Amino acid sequence: MSKFVLTVQCKSQRGLVAAVSTFLMEHGCNITDAAQFDDAETGSFFARLAFEAPESESLEQFNEDFAPVAEPFDMKFGFHEQGSKMKVLIMVSRFGHCLNDLLYRSRIGALPVEIVGVISNHMDYQKVVVNADIPFHYIKVTKENKPEAEAAQMRVIEETGAELVVLARYMQVLSDEMCTKMSGRIINIHHSFLPSFKGANPYKQAFQKGVKLIGATSHYVTADLDEGPIIEQDIVRITHAQSSADYVSLGRDVESQVLARAIHAHANHRAFLNGNKSVVFPASPGSFASERMG
């Protein structure tokens, strides 16, 4: 048996679940994991079904055969092979903790991704990336050349076939045009403090204010800076006895973990855009081991 995932998103209406389950049954499939959500506020329906299918079935055939089923419901759907690696392109500036963490997780198989390249506006991590046998692309970004730089970035994205772009502490603001074109395909990470500290040295500002919680937020990138649909968040507690260096160290750890979990959810087709929010189905105990997450 081959293993696949079906994702469905559409307006909530009667007969949805029956139509999907009947289709899978008629194709000799066995559902092994299912999650669904009806958003009462938006009237939207989301579902993710993992299933086993006869070896004779293929993604192309599933997509072709399911189209007539989806059409009456105006479904946005996708079939995906379980265990296949999503092509990911990483963008980074001068903070390398998230980049290094993702390189390690990818290497040991803890994330179902293939890192097809790294783009940076600095040369700091060229050796690290090249030593991992991953193409490194240096694209300088200034106020004067930003349109040309983004055009070069888009060429790399298209040439590598990247399905997802990860901003692993990439410190340049993307244009509205790029955010719109890549909607739902760019994930970012940033610190989360209460109160909020913007600008240079946020961890130093947090230390000076005696912040007791340091957090991180990973979200889909939109034209609204750092306000896209949230995928994953976490926090770590701080005490009065810890130094500003501790704040930085703990902050980097939680940023790396949160970003990895967000990518894990997206790569396993468990994350859906839902307007200004997202729907993220948790990995079930039965599927967690096969999805792999360190």
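Before the interface entry, a reminder to myself: buried area is the accessible area, taken with a 1.4 Å probe, that two parts lose on being put together, summed over both. I also kept in mind that this is a predicted model.

**Entry: the domains.** I looked up the division of the protein chain and found domain 1 at 2-81 and domain 2 at 87-280. Their C-alpha centres lie 31 Å apart. For the contact, I noted 13 residues from domain 1 and 8 residues from domain 2.

**Entry: the interface.** How much area do domain 1 and domain 2 bury between them? I got about 770 Å², with 59% of it on carbon and sulfur atoms. On the side of domain 1 that touches domain 2, I listed the elements giving two or more residues: β1 (2-11), β2 (30-39) and β3 (44-53). I then checked for salt bridges between the two domains and the count came to 0. Polar contacts gave me 4 residue pairs across the interface, both residues at pLDDT 80 or more.

**Entry: the annotation.** I turned to UniProt, where an unreviewed entry places "domain: ACT" at residues 5-82. That span is 29% helix and 42% strand, and its end C-alpha atoms lie 6 Å apart.

**Entry: one serine.** Last, I took the C-alpha separation of Ser-249 and Lys-85: 30 Å, for residues 164 apart along the chain.

Technical notes
Residues numbered from 1 in each chain as written. Predicted model: local features only at pLDDT ≥ 70, side-chain atom pairs only at ≥ 80, totals over all residues. Heavy atoms only, no water. UniProt positions renumbered as here; feature names shortened; annotations may be inferred. Helix = DSSP H or I, 4+ residues; strand = E, 2+ residues; numbered from the N terminus. Domains from an automatic or database assignment. Contact = heavy atoms within 4.5 Å. Salt bridge = Lys/Arg side-chain N within 4 Å of Asp/Glu carboxyl O. Polar contact = N/O pair within 3.5 Å; in protein donor to acceptor, adjacent residues only side chain to side chain.
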